[in-house]
Amino acid sequence: MFGIKYPILCGGMMWLSKPSLCAAISNAGGMGNLTAGNYETEEEFRQAIHETRKLTEKPFMVNITALPSLRITAEHHQMYLRVCAEEGIAGVEISGAPLDKVGGKGAVEMLKKAGVKLFQKVGSVRHAIHAEKLGYDGIYAAGFEEGGHPLNDDVTAMVLTPRII
Ligand SMILES: Cc1cc2nc3c(=O)[nH]c(=O)nc-3n(C[C@H](O)[C@H](O)[C@H](O)COP(=O)(O)O)c2cc1C
């Protein structure tokens, strides 16, 4: 889908998935991750994207974690999505609420039009089906052993993955 050398994705990580790590992983042939929640303003977020692009010409993913938070609000989520579309980011992964909730009605269309591939971290079969219906390009099956997991019902990735398939 992205023409990367190794099918290895860096997880979205608060405090860690910033331009230098993101670019290092993309340069090594994997998929780097720039985690939007590290940035409070549009200017900071755009600057991080531009900094990453100075460090690598390879594609990288942006993580948007749409969980209830006092610091990162619904306005932030919508700003991140708009900037990803405007900047033509290769792929966006969402954890927490799905794109129809977090981005509003036109979000999927806006991002698809900009050529951004869409992924959702899901912890259940029903959430995977919802992502498919919305037109996502892929999902991550995130079992309860996964840090920052979207559900809390003790189903591991080894059980969840074949059920989703
Ligand atoms: C320090 C740290 C911070 C993380 N922060 C986020 C986050 O902000 N959003 C998110 O969706 N996942 C977050 N995660 C989860 C990772 O993206 C990943 O899904 C998880 O570590 C499972 O992958 P692994 O088994 O390769 O570690 C974080 C993980 C770690 C270790």
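Helices (H or I, at least four residues) and strands (E, at least two) are DSSP runs, numbered from the N terminus. The model is predicted: local features need pLDDT of at least 70, side-chain atom pairs count only at pLDDT 80 or more, and totals for chains, interfaces and linings use all residues. Residues are numbered from 1 along each chain as its sequence is written, and side-chain values use heavy atoms, with hydrogens and water left out.

Lining residues have an atom within 4 Å of a point. A volume is the space filled by probe spheres set on the points, which are joined across faces, edges and corners.

The second largest pocket has a volume of about 150 Å³. Helix H6 (125-134) and strand E5 (138-141) each supply at least two residues of its lining. H6 gives the largest share, five residues. The lining includes Val 125, Ala 128, Tyr 136 and Ile 164. Seven of the lining residues are nonpolar, one is polar and two are charged. Here Ala, Val, Leu, Ile, Met, Phe, Trp, Tyr, Cys and Pro count as nonpolar, Asp, Glu, Lys and Arg as charged, and the others, Gly among them, as polar.

The largest pocket has a volume of about 430 Å³. Its lining holds 25 residues. Met 14, Thr 35, Asn 63, Thr 65 and Ser 95 lie nearest the centre. Strands E2 (60-66) and E3 (91-96) each supply at least two lining residues. E2 gives the most, with three. By class, the lining has eleven nonpolar, ten polar and four charged residues.

The ligand sits in the largest pocket (more than half of its atoms lie within 2 Å of the grid points). Eleven residues surround the ligand (each with a heavy atom within 4 Å). The closest are Gly 12, Thr 65, Ser 95, Lys 121 and Glu 146. This shell has three nonpolar, six polar and two charged residues.

Polar contacts are pairs of N or O atoms within 3.5 Å. A polar side-chain atom of Thr 65 lies 2.8 Å from a nitrogen atom of the ligand. A backbone N or O atom of Met 14 lies 3.2 Å from a ligand nitrogen atom. A polar side-chain atom of Lys 121 lies 2.9 Å from a ligand oxygen atom. The protein covers 57% of the 620 Å² of accessible area that the ligand has on its own (Shrake-Rupley method, 1.4 Å probe).

Definitions and conventions:
On a 1 Å grid over the protein atoms alone, a cavity is a set of points where a 1.4 Å probe fits but cannot get out, and a pocket is an open set with protein on both sides within 12 Å along at least five of seven lines; lining residues have an atom within 4 Å of a point. A polar contact is a pair of N or O atoms within 3.5 Å; within protein, one must be able to donate a hydrogen and the other to accept it, and residues adjacent in sequence count only if both atoms are side-chain atoms.
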